[in-house]
Amino acid sequence: MTFTPKTPAFEKAIKDSRNLKAKPDNDDLLELYSLFKQGSQDPPFADAPKPGMFDLTGKAKYNAWKKVADEGMTHQQAQEKYVKLVNSLKEKYGFE
């Protein structure tokens, strides 16, 4: 397993995402999750276990991450997109 460094901007965005005034909708949450997982690579997608047949939430999260991984997005690109997404969500949902 390789270590994937997190940029200071990515680390800040992770903290900021926890301080939104309202919970983002499911589409925004799935995008946050997929970019976070691809950006942190913990574990890498290829090593991630598939969710069980009845784990609908797990399947949705896995499929969102799979889409990002299949696009060939690097962890650096995912971190950059994550930061931009969190900044837009701060405007959309408010920030404490």
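Q: Axes are lines fitted to C-alpha atoms, for helices over the stretch in contact, and angles run from 0 to 180 degrees between N-to-C directions. With that in hand, at what angle do helix α2 and helix α3 pack, and how far apart are their axes?

A: Two packed helices are described by the angle between their axes and the distance between those axes. In this predicted model, helix α2 (residues 26-40) and helix α3 (residues 56-70) pack at an angle of about 55°, and their axes are 8 Å apart. The two helices are therefore oblique to each other. The crossing of α2 past α3 is right-handed.

Q: Which residues of α2 and α3 meet?

A: On the α2 side they are Leu30, Tyr33, Ser34, Lys37 and Gln38; on the α3 side they are Ala60, Lys61, Ala64, Trp65, Val68 and Ala69. By class, the residues of this contact divide into 7 nonpolar, 2 polar and 2 charged.

Q: How are α2 and α4 oriented to each other?

A: Angles over 145 degrees count as roughly antiparallel. The axes of α2 and α4 make an angle of about 150° and lie 8 Å apart, so the two helices are roughly antiparallel to each other. Here the crossing of α2 past α4 is left-handed. From α2, the contact involves Asp28, Glu31, Leu32, Leu35, Phe36, Gln38 and Gly39; from α4, it involves His75, Ala78, Gln79, Lys81, Tyr82, Leu85, Val86, Leu89, Lys92 and Tyr93. These residues divide into 9 nonpolar, 4 polar and 4 charged.

Q: How does the span of helix α4 compare with the expected one?

A: One compares the distance between the end C-alpha atoms with the value expected at 1.5 Å a residue. Helix α4 (residues 75-93) has 19 residues and reaches 26 Å from its first C-alpha to its last, close to the expected 27 Å. Just after α4, Gly94 takes a positive phi of about 85°.

Q: Which residues of α4 are buried, and against what do they pack?

A: Buried means under 20% relative accessible area. In α4 this applies to Ala78, Gln79, Tyr82, Val83, Leu85, Val86, Leu89, Lys90 and Tyr93. The buried residues of α4 pack against α1 (8-17) and α2.

Q: Is Gln38 buried or exposed, and with which residues is it in contact?

A: Gln38, a residue of helix α2, has a relative accessible area of 6% and is therefore buried. Apart from neighbours within four places in sequence, Gln38 is in contact with Trp65, Val68, Ala69, Met73, Thr74, His75 and Ala78. Gln38 takes part in the contact of α2 with α3 and also in that of α2 with α4.

Q: Where is Tyr62, and what surrounds it?

A: Tyr62 belongs to helix α3. At 12% relative accessibility, Tyr62 counts as buried. Leaving aside neighbours within four places in sequence, its contacts are Phe45, Ala48, Pro49, Lys50 and Pro51. Pro49 is 13 residues from Tyr62 in sequence, and their C-alpha atoms are 8.9 Å apart in space.

Terms used
Residues are numbered from 1 along each chain as its sequence is written. This is a predicted model: local features need pLDDT of at least 70, side-chain atom pairs count only at pLDDT 80 or more; totals for chains, interfaces and linings use all residues. Side-chain values use heavy atoms; hydrogens and water are left out. Helices (H or I, at least four residues) and strands (E, at least two) are DSSP runs, numbered from the N terminus. Angles under 35 degrees count as roughly parallel, over 145 as roughly antiparallel, 65 to 115 as roughly perpendicular and the rest as oblique. A crossing is left-handed if the near helix is turned anticlockwise from the far one by less than a right angle, and right-handed if clockwise. Contact means heavy atoms within 4.5 Å. Ala, Val, Leu, Ile, Met, Phe, Trp, Tyr, Cys and Pro count as nonpolar, Asp, Glu, Lys and Arg as charged, and the others, Gly among them, as polar. The expected span of a helix is 1.5 Å times one less than its number of residues. Buried means under 20% relative accessible area, exposed over 50%, partly exposed in between (1.4 Å probe, protein chains only).
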